[in-house]
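User: Could you take me through this structure? I would like to begin with the basis of the model and then go through the strands and some single residues.

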Amino acid sequence: ICSSRTRTNDVVTFSVFFDTTEANTTLNESGLFNASSNGIMLSRGLFTSSITKTTNYVLSIDWVVTIG
């Protein structure tokens, strides 16, 4: 679920933050959806290297979308 979103002119930034207790797994990709469940995927990103998220780390993912 999106932690924050901002818009400046035609650029929208969506940010999500995972605390130490969240998303503890190996991550290979990230997706931007229009709903928290049963949503349509608007964009997908594959990481060049897997990210192993554990309770030792927090994770922030930002999507920057230019409209127009």
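Analyst: The answers below take up the model, the strands, and then selected residues.

User: What kind of model is this, and how are residues numbered?

Analyst: This is a predicted model, in which local features need pLDDT of at least 70 and side-chain atom pairs count only at pLDDT 80 or more, while totals for chains, interfaces and linings use all residues. Residues are numbered from 1 along each chain as its sequence is written, and side-chain values use heavy atoms, with hydrogens and water left out.

User: What is the strand order in the open sheet of three strands?

Analyst: The order is 1-2-5, with antiparallel pairing. Strands here are DSSP runs of E with at least two residues, numbered from the N terminus, and two strands pair if DSSP finds at least two bridges between them.

User: Which are the edge strands?

Analyst: Strand 1 and strand 5 (59–66) are the edge strands, each pairing on one side only. Neighbouring strands of this sheet are turned by 15 degrees against each other on average, direction ignored; the axes are lines fitted to C-alpha atoms, and angles run from 0 to 180 degrees between N-to-C directions.

User: How many bridges join strand 1 and strand 2?

Analyst: Strand 1 pairs with strand 2 (residues 11–18) over five bridges, in the antiparallel sense. Within this pairing, Arg7 stands opposite Val12, and Thr6 stands opposite Thr13.

User: How many residues of strand 1 are buried?

Analyst: The number buried is zero among the five residues of strand 1 (residues 4–8), so this strand lies largely in the open. Buried means under 20% relative accessible area, exposed over 50%, and partly exposed in between, with a 1.4 Å probe and protein chains only.

User: Where does Asn38 lie?

Analyst: Asn38 lies in the loop between strand 3 and strand 4. Its phi is also positive, near 55 degrees, and Asn38 counts as exposed at 82% relative accessibility.

User: Changing topic: how many salt bridges does the count come to?

Analyst: The count comes to one salt bridge, a salt bridge being a side-chain nitrogen of Lys or Arg within 4 Å of a carboxyl oxygen of Asp or Glu. The side chains of Arg44 and Glu29 form it, at 2.5 Å from N to O. Arg44 lies in strand 4 (residues 41–52) and Glu29 in strand 3, so the pair ties together parts that are 15 residues apart in sequence. Glu29 counts as partly exposed, at 41% relative accessibility.

User: And Ser30, is that buried or exposed?

Analyst: Ser30 is buried, with a relative accessible area of 12%. This residue is found in strand 3 (residues 26–33).

User: Which residues does Ser30 touch?

Analyst: Not counting residues up to four places away in sequence, Ser30 touches Ser43, Arg44, Gly45, Phe47, Ile61 and Trp63, where contact means heavy atoms within 4.5 Å. The side chain of Ser30 also makes a polar contact with the side chain of Trp63 at 3.3 Å. A polar contact is a pair of N or O atoms within 3.5 Å; within protein, one must be able to donate a hydrogen and the other to accept it, and residues adjacent in sequence count only if both atoms are side-chain atoms.

Terms used. Helix = DSSP H or I, 4+ residues; strand = E, 2+ residues; numbered from the N terminus.
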